[in-house]
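Hello,

Here is the structure for you to take over. Notes on what was found in it follow below.

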Amino acid sequence: MISRSLCRARDLAAHLNVNEHLVSRVMDQYPARINAYALGLIAGGSRAVFRQLVPDPAELEETSLADADPLCEQKQSPVPGIVHRYPDRVLFLVSGQCAVYCRHCMRKREVGGRAPVSPETIEAGLDYIARTPGVKEVILSGGDPLMLEDDRLFSILARIRSIRHVECLRIHTRMPGMLPRRITLDLARGLARFHPLFVNIQFNHPDELTPAARSACALLADAGIPLGSQTVLLAGVNDSPAIMTDLMRKLLTARIRPYYLHHPDPIRGTAHFRVPAKVGLSVIESLRGRIGGMGIPQYMIDLPGGGGKVPLLPEHVIKRSEKELIVYNFENKIYTYPL
Ligand SMILES: *Cc1c(COP(=O)(O)O)cnc(C)c1O
Ligand code: SF4
């Protein structure tokens with residue numbers, strides 16, 4: 001299924017209305033992969049998927065702000081493949097490959113390498129987790145962890161589960177939306193052996209919630225796996241209250257709880273996706289009036305220098321004194337709240 005992917009500039013130009021030479025220049029820097037399913041979304045007319053997956057010459061424009069690794073993941077990596085920023089949890093990067101290569105990827109500097117993550121690197125990661133008792137949660141990330149074969153994935157999960165101090169497991173993936181056939185009953189049942197296990201899925205646009213994607217999510221949810229979404233705010237893809245409301249509603253109906261809306265990080269090669277923070281704030285504010293709290297993600301910025309994620313909230317307090325707060329509500333009406 002993944003083998004039928006467009007990975008070369010010539011193939012991309014043959015299937016999509018793009019200039020082979022320009023695409024090829026971008027691909028000298030950053031890999032591309034559009035699998036047959038994702039190509040179907042684009043062929044079906046999704047501009048949002050096109051923009052996320054098709055190499056764009058804008059990726060080669062540098063800005064002084066942008067860095068290849070502004071979040072200092074490399075500095076916070078005690079052993080290769082582990083990012084340990086918060087005391088209680090680690091990212092464990094178990095695969096460098098993905099079902100598609102997103103143009104906005106925060107790890108676009110490193111995904112898409114030809115070699116799989118080596119068994120030695122996995123062993124070193126497992127060893128680090130085992131000898132670091134503060135680690136209560138292990139988040140498999142990458143790349144996409146679901147690029148591993150089931151057996152390999154289950155054996156890694158079993159090894160982590162055998163470490164007494166690890167309480168929760170989490171998998172970060174884009175598979176349900178970008179290669180739904182990867183989610184099988186065997187996978188869902190296999191994952192369920194490792195509960196508590198959470199799956200967070202990147203969904204950025206309502207076009208991605210096709211019937212196939214919804215069935216994939218249902219298989220996971222039926223296995224008792226709590227599903228969350230991580231959406232990246234992206235210029236020209238989802239930077240509007242209407243699109244975001246539609247997306248959050250569709251996520252809820254697919255039994256996915258919106259978790260984070262990520263402000264786009266200043267990653268080199270992604271300047272054309274960046275939006276001002278006020279756009280994200282106004283999206284969150286308009287969600288507040290249109291959709292129940294279950295459908296409202298936290299809007300997160302990831303601090304440069306490895307400072308971690310911090311939520312941004314629209315400010316509803318206009319004025320505060322010892323005695324009262326002056327607050328406006330979702331209809332822009334003003335209220336006084338006695339303290
Ligand atoms: C985002 C992130 C996590 C997970 O953070 P949550 O807020 O728990 O989702 C963990 N480690 C690193 C390095 C991260 O960037
Ligand atoms: S699936 Fe995730 S890790 Fe892979 S390219 Fe897309 S954003 Fe990056």
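The largest pocket is the space taken by ligand 2. A pocket here is an open set of points, on a 1 Å grid over the protein atoms alone, where a 1.4 Å probe fits, with protein on both sides within 12 Å along at least five of seven lines. A molecule sits in a pocket if more than half of its atoms lie within 2 Å of its grid points.

This is a predicted model, in which local features need pLDDT of at least 70 and side-chain atom pairs count only at pLDDT 80 or more, while totals for chains, interfaces and linings use all residues. Residues are numbered from 1 along each chain as its sequence is written, chains are lettered from A and ligands numbered from 1 in the order in which they are written, and side-chain values use heavy atoms, with hydrogens and water left out.

Around ligand 2 are C98, V100, Y101, C102, C105, G143, R174 and Q202, counted as near if a heavy atom lies within 4 Å. This shell has 5 nonpolar, 2 polar and 1 charged residues; Ala, Val, Leu, Ile, Met, Phe, Trp, Tyr, Cys and Pro count as nonpolar, Asp, Glu, Lys and Arg as charged, and the others, Gly among them, as polar.

G143 is in the loop between β5 (137–142) and α6 (150–161); helices (H or I, at least four residues) and strands (E, at least two) are DSSP runs, numbered from the N terminus. Another cis peptide bond, with omega about -5°, joins H195 and P196, and P196 lies in the loop between α8 (185–192) and β7 (197–202).

The count of disulfides (cysteine sulfur atoms within 2.5 Å of each other) is 0. For C7, the nearest cysteine sulfur is that of C98, 12 Å away. C98 is buried at 12% relative accessibility, and C7 is partly exposed at 34%; buried means under 20% relative accessible area, exposed over 50%, and partly exposed in between (1.4 Å probe, protein chains only).

Strand β3 (residues 82–86) has 4 of its 5 residues buried. β3 pairs with β4 (residues 89–95) in the antiparallel sense over 3 bridges, where pairing takes at least two DSSP bridges. I82 has F92 of β4 as its bridge partner.

Lastly, N332 is not a glycine but has a positive phi of about 65°; N332 is exposed, with a relative accessible area of 57%.

Regards

Terms used:
1 Å grid on protein atoms, 1.4 Å probe; cavity = no way out; pocket = protein on both sides within 12 Å on 5 of 7 lines; lining within 4 Å.
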